[in-house]
Amino acid sequence: MPKRRNDILYGTLQLLVLETLTSRGPLHGYAITSTIQGSSEDLLRVEEGSLYPALRRMEQQGWLAASWGITEKNREARFYEITRAGRAQLARERETWERVTEGVRRVLQYA
Amino acid sequence: MVWLRRLVNVFRSDRVDRDAGREMAFHVAERVDELVAGGMSEAEARREARRRFGRHADIRARVHRIEVIGWLEAVVSDLRYAARALKANSGFTIVAVVSLGLGIGANTAIFSLIHALMLRPLPVDRPEEIVQVAMEDGSHGAGGGGPRGTTFTNPLWEGIRDRQDALAATLAFADQRFNLTAGGVVRRTGGAWVSGGYFEALGVPAVRGRVLAPADDLPGCPALAVLSHGYWQREYGGAEDVVGGTISLDGHPFRIIGVSAPGFSGIHVGRSAGIFVPLCSVRALRPGRDLLEARSTWFLNVFGRLAPGTTPSEARGALAATAPAVFRAAVPAHYSPEERREFAETSLTAEAAANGLSLVRGQYREALLTLLVVVGVVLLIACANVAQLLMARATSRQHEVAVRLALGSGRARLVRQLLTESVLLALLGAALGTLFAHWSSRLVVGLLAQAGRAVTLDLSLDLAVLGFTIAVATATGLLFGLAPAWRSARVAPGRAIRGSGRGLVGDPRQRFARSIVVGQVALSFVLVVAAGLLVGSFRRLATADPGFRADGVLIASVGWSDLELSEARGATFPRELVERVRTIPGVRHASASLLTPISGTTWNDDVAFHEGALESRSEWPVMFNGVTDGYLETLGTRLLAGRDFTPGDGAGAPPVVLVSRALARRYYGEASPVGRRLSTFVHDSVGPAMEIVGVVEDARYARVDEDIGPAAYVPLEQTEPWSPSTDLALRTDAAPGALIPAVTSAMREIHPAITLEFATLEDQVAVSLARPRLLATLSGFFGGLALLLAVIGLYGTMSYSVARRRNEMGIRIALGSARTGILRLVAGEAGGVIAAGVSLGVLLAIAGTRLIGSFLFGVTPTDPRTLALSALILAAVAMGAALGPAWRAAGVDPMVALREE
């Protein structure tokens with residue numbers, strides 16, 4: 001199967017997760033996947049295998065706080081919530097992203 | 001703090017894995033629900049969900065790596081596995097841990113002694129800045145008076161203190177043994193005379209009251225004393241009211257002004273100073289001999305602290321520059337012009353002295369280093385044993401190893417895991433060894449003795465010693481674990497699972513085990529030879545005829561400095577004492593003398609032989625003693641020609657002298673020297689001529705192992721008294737100690753302020769045998785231990801080999817071989833190993849025993865008799881041990897052996 005072009009670039013996963021949790025509140029891993037897919041109207045798809053290691057890493061950095069909870073279907077799931085440090089990180093990553101994309105846009109326009 | 005969490009997770013990794021698993025299971029379940037809702041069948045949905053999620057195992061591994069410190073987890077799991085394995089084979093574990101414990105413990109014990117005696121820095125402020133000031137180039141004093149090089153006179157010390165600017169601070173001290181009682185039997189304790197700046201220079205504060213200051217060390221000072229913390233705890237129980245109290249030292253009262261900080265007991269390592277008094281109080285303690293003015297009494301050690309930023313060589317240069325002025329100002333008045341010149345040319349130098357001063361160190365340094373080598377060898381032998389045990393076990397674990405290899409475990413991982421087991425074993429051995437070392441090092445310090453005083457060393461557990469132990473343990477574990485682990489991991493899994501190969505002769509594993517045993521036998525042979533040499537030396541020393549009869553003699557050192565006798569009475573006082581003790585029942589003979597054999601006190605002088613009007617100076621020094629009549633009888637030294645002294649050889653009578661046979665032979669040859677004359681030198685000029693009235697048997701003077709040199713005796717009353725004291729010697733048929741009460745009361749009757757110190761001649765001689773005794777005892781113990789370990793190794797290897805070759809034995813017997821043939825076969829193999837080991841050992845011994853040459857007495861390092869005897873003992877014991885397995889081999893029932901595969 002050819003690699004889908006809409007698999008997310010490695011570095012941007014963190015940015016998207018942080019943004020998603022900021023705007024939607026605490027979510028479990030599956031919900032984060034669906035939300036990103038949904039918000040991007042299927043332009044972006046999270047490679048599910050890389051989500052959980054990434055979530056753990058972000059949790060270790062202190063950007064997310066995790067806890068076990070119950071879903072509406074009465075299943076046990078691990079919910080992630082953004083922390084204050086996470087919000088600061090989000091701001092930093094947004095700024096970087098905007099800078100990079102602006103740079104790329106300029107190169108494509110003028111190079 | 002991320003790392004902390006990852007560290008903790010090492011011990012919670014099961015929980016971490018379970019959480020991750022649950023989380024991912026949930027994700028997949030949700031996906032399945034979604035797909036089913038979209039129309040897929042449940043089975044298909046599950047497959048699709050799994051596919052999209054990716055490989056569970058991989059993702060779980062990735063999460064795990066993030067949450068847990070990987071390498072630490074591997075180490076912890078290795079440790080857990082190793083611990084389980086060791087517990088499962090508890091018999092093996094116990095044997096291995098005990099042998100390792102003994103080996104490592106012995107090494108730790110000797111090293112802690114070496115550390116305490118030679119390496120440990122002084123417990124003072126910044127010990128690396130402390131230096132010792134010494135003299136160099138040019139001798140001082142005529143006729144060998146006093147130690148050279150590192151002891152100064154007081155005028156010289158004051159010159160150094162006042163003139164130098166190279167050192168930030170200087171201090172001087174002299175070790176003393178103070179008598180705490182006033183009259184009667186002496187009770188001594190270690191202490192020191194110290195200069196006023198002593199405590200300040202060392203940076204040792206007071207914990208009660210205050211310590212001495214420079215203002216306390218001025219002429220005419222009050223008698224003050226500072227106690228060490230240890231002394232305060234021991235003698236006063238840490239009583240709070242000790243400051244301001246009085247202590248009697250050598251009969252004089254001193255006021256206690258303070259207690260110094262814990263851990264400090266002087267600069268002299270091996271001695272413990274409990275009481276410090278200022279130098280100026282010497283005048284009160286030694287009236288009649290003004291030590292502080294004397295320009296040729298050398299008794300002070302001088303130390304200093306480097307100025308910040310200076311190096312010892314800079315200090316050396318600066319001190320050397322001040323030396324001429326210092327020495328010129330302190331030249332002894334009675335020196336000849338020649339001696340003056342030499343004296344004035346003496347220079348000063350400084351040596352780093354962070355670990356203080358020590359006479360014990362000089363005496364025992366080589367012995368301890370030799371012992372370290374010995375225990376190192378014992379540890380090697382023990383390691384070889386444990387290695388063999390491990391290899392034997394490895395063979396039985398081959399199956400398990402092969403399965404693990406087949407299942408994909410890397411060889412390196414396997415080797416690491418096996419090595420963890422070895423190191424764990426070694427660390428357990430080290431823990432046991434530390435306990436053993438703690439107990440045994442104290443025992444060994446008890447064996448050290450120096451001039452009759454017990455040696456005190458700070459043996460408290462120190463980081464250095466602990467570090468040494470752990471390093472030795474780890475090296476040991478790797479050493480004996482590497483070979484078995486490597487061999488285990490090299491096993492080809494297929495062959496191992498199919499069945500272990502039959503252990504035939506020529507199997508490389510057996511050859512390797514055999515060569516290890518050969519090495520063990522060789523090493524233990526060397527230790528047995530060393531033990532034989534050292535034990536033999538000691539025995540020879542202890543039984544050598546010293547020229548006197550040591551048993552049955554009590555020595556009483558009598559002092560009467562407080563009596564303030566007139567000069568006339570003082571001169572005849574020794575005789576008075578001798579006459580008095582001769583009346584004590586049980587005393588066969590008694591005499592008085594300046595010194596007694598092997599006492600640590602010596603007196604030597606050059607002599608001039610008179611030939612008519614000419615005098616010829618001896619090229620060699622003569623050992624002297626001043627004695628009353630009856631000395632020869634009391635000590636049991638035979639008179640060979642002429643006569644003994646009589647009471648008539650007194651102060652005003654013609655000077656007479658007794659010479660030893662060695663002196664007579666050396667100068668007069670075979671002719672009798674009786675009637676000839678000789679004299680000693682008094683400050684470089686010939687003294688009055690003395691007539692030789694008798695020749696005496698040679699006797700040991702200062703040490704039991706010395707070469708006997710020329711000696712002479714002069715009447716006690718015809719010599720200048722050294723101090724208001726004398727040594728009385730009493731011979732009795734019963735135990736010498738039984739005389740003590742009678743002598744004490746006799747002396748008390750004469751005057752209660754007379755001080756007494758008792759010793760037996762036997763004890764005095766025994767002390768000089770302390771180092772040979774230490775070496776003989778320890779080398780004998782370790783030699784025996786090495787032999788035992790090597791024989792155990794041989795027995796183990798032979799047993800194992802026989803057990804593995806049961807098949808072969810069975811075949812041989814079934815094919816008609818006689819059982820004695822089997823016996824001969826196995827015994828012959830053992831004999832081959834032993835012979836190879838002994839041959840190698842002989843070579844090693846010849847090369848190695850040279851190192852202990854200086855400790856030997858009456859025997860050369862390559863003594864053939866000792867070598868032959870050791871070989872015989874080793875061979876006999878080893879063959880005896882090998883007979884067991886050989887017998888078992890011969891007793892194999894062929895039917896049983898052939899049936900088992």
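**Reading a two-chain predicted model**

Author: B:Arg295 sits in the loop that joins helix 10 (282-285) to strand 11 (300-306) of chain B; helices (H or I, at least four residues) and strands (E, at least two) are DSSP runs, numbered from the N terminus. This is a predicted model, in which local features need pLDDT of at least 70 and side-chain atom pairs count only at pLDDT 80 or more, while totals for chains, interfaces and linings use all residues. Residues are numbered from 1 along each chain as its sequence is written, with chains lettered from A and ligands numbered from 1 in the order in which they are written.

Reader: Is B:Arg295 buried, exposed or partly exposed, and why?

Author: A residue is buried if 20 or more other C-beta atoms, placed from the backbone, lie within 10 Å of its own, exposed if 12 or fewer, and partly exposed in between. B:Arg295 counts as partly exposed because it has 19 C-beta neighbours inside 10 Å.

Reader: Which residues does B:Arg295 touch, not counting residues up to four places away in sequence?

Author: Contact means that the C-beta atoms of two residues, placed from the backbone, lie within 7 Å. On that basis B:Arg295 touches B:Thr153, B:Pro155, B:Ala330, B:Val331, B:Pro332 and B:Ala333, leaving out residues up to four places away in sequence. B:Ala333 is 38 residues from B:Arg295 in sequence, yet their C-alpha atoms are 7.8 Å apart.

Reader: How should the length of helix 27 of chain B be read?

Author: The expected span of a helix is 1.5 Å times one less than its number of residues. Helix 27 (residues 864-890) of chain B has 27 residues and should therefore span 39 Å; its end C-alpha atoms are 37 Å apart, which agrees.

Reader: Where does helix 27 of chain B bend?

Author: A bend is the angle between axes fitted to the seven residues ending at a residue and the seven starting there. Helix 27 of chain B bends by about 30° at B:Leu883, and B:Pro885, a proline, follows within four residues. B:Pro885 is among the buried residues of this helix, as are B:Ala882 and B:Ala886.

Reader: Which residues touch the most other members of the largest nonpolar core?

Author: Such a core is a set of buried Ala, Val, Leu, Ile, Met, Phe, Trp, Tyr and Cys residues joined through C-beta atoms within 7 Å. The largest has 173 residues, and B:Val378, B:Val521, B:Ala786 and B:Leu794 touch the most other members. Helix 13 (residues 359-396) of chain B gives the largest share, 21 residues.

Reader: How many residues of each chain are in contact?

Author: The contact joins 13 residues of chain A to 18 residues of chain B. Helix 3 of chain A supplies the largest share of the chain A side, 7 residues.
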